[in-house]
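Me: I would like to go through this structure with you and ask, for each label, what stands behind it.

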Amino acid sequence: MDGDLYNAFPSLVRWLPGSHREVNANIREMHTFIRETFTKQRNQLDVSDQRNFIDVFLVKQKEEKPNPELYFNDTNLTVVLTDLYTAGMESTSTTLQWGLLLMMKYPQIQKNVQKEIEKVIGSGEPRLIHRKEMPYTDAVIHEIQRFGNIAPTSVPHSTTQDVTFKGFFIPKGTQVIPLLYSVLRDKEHFEKPEEFYPQHFLDSEGNFVKNEAFIPFSAGKRSCAGETLAKMELFIFFTTLLQNFTFQAPPGAKLDLTGAAGLTTPPLKHEICAIPRN
Ligand code: HEM
């Protein structure tokens, strides 16, 4: 693809902010950074001490010789790392931005989360094992993802064969854009779909309940490859932030919950006051 995201994914990036030229310049810059990073690692490669994904890939590349252009070539490494970087960084950080905005907007919910943190974690380091003892926080994080709706149109797919779905005939090769948004805001599954309402994921006794319409990571064989990692990151980052700070809007500031345009859907820009808790 050589840096031309528009040509590679025309439907995916048609609504990206910034001009065609700016977006491609950003992608080229990212590719340069990635190539510099793995070239440096290649020079230091120690097969018996593989430090990360890049090292494992480079070892496979060595093994693949004398046919180095088959799979484990530099172009594939660049593209895979670009995928992991964009899919993994932007999505999680955008979700956390929604989390902070929603905590500023609903200070009582923020207090409830902080109470649960105090009860279960105290001043220790938040760990994943705490999550099952923290149904309220878990429900709030799920609701941040549902309400934040950061990938409303997921990623375009296309049919590999003729399909009839709910009475509609979709010929082979048709591009399909799944609207996750329509499921995440489905009133059949969520009592107050347009509101931020953590009770969507709690029963009357405060236990966490799953909801089959919770699909921010999409569904099926090609759903998000990083779902487990993302859930882990969201829990650890969110609890650590709220353990250490209370988030407030500056006096007089209006908090707007409209989503902005982007590769994912971030909140609009807001100023945040992070008040240390101790
Ligand atoms: C809150 C965080 C995240 C959300 C909401 C999210 C959401 C999604 C969605 C909606 C898709 C498209 C699925 C489809 O094509 O049907 C996707 C794909 C993908 N995600 Fe995530 N993601 C998140 C975090 C991550 C992380 C942390 C990683 C890994 C570092 C990751 C790696 C991927 C990859 C590799 C794919 C492509 C999977 C494929 O095409 O088979 N994601 N993600």
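Reply: What follows takes the labels in turn and sets each value against its definition. This is a predicted model, in which local features need pLDDT of at least 70 and side-chain atom pairs count only at pLDDT 80 or more, while totals for chains, interfaces and linings use all residues. Residues are numbered from 1 along each chain as its sequence is written.

Me: Why is Cys224 called partly exposed?

Reply: A residue is buried if 20 or more other C-beta atoms, placed from the backbone, lie within 10 Å of its own, exposed if 12 or fewer, and partly exposed in between. Cys224 has 19 other C-beta atoms within 10 Å, and is therefore partly exposed.

Me: What makes Cys224 a "binding site"?

Reply: That label comes from the UniProt annotation of an unreviewed entry, which covers Cys224; such annotations, given in the numbering used here and with shortened feature names, may be inferred rather than shown by experiment. In the model, Cys224 is found in the loop between α7 (180-184) and α8 (227-244). Leaving aside neighbours within four places in sequence, Cys224 is in contact (C-beta atoms, placed from the backbone, within 7 Å) with Phe217, Ser218 and Ala230.

Me: Which residues are closest to the ligand, and how many surround it?

Reply: The ligand is surrounded by 21 residues, the closest being Gly88, Ser91, Ser218, Cys224 and Gly226, where being near requires a C-beta atom, placed from the backbone, within 6 Å of the molecule. Two or more residues of this shell come from each of α4 (74-105) and α8, and α4 gives the most, with seven.

Me: What makes a set of residues the largest nonpolar core here?

Reply: A nonpolar core is a set of buried Ala, Val, Leu, Ile, Met, Phe, Trp, Tyr and Cys residues joined through C-beta atoms within 7 Å. The largest has 18 residues, of which Leu101, Leu102, Val113, Tyr136, Val140 and Ile144 touch the most other members. The elements giving two or more residues to this core are α4, α5 (107-120), α6 (135-148) and α8. In soluble globular proteins, nonpolar side chains tend to be buried together.

Definitions and conventions:
Helix = DSSP H or I, 4+ residues; strand = E, 2+ residues; numbered from the N terminus. Contact = placed C-beta atoms within 7 Å.
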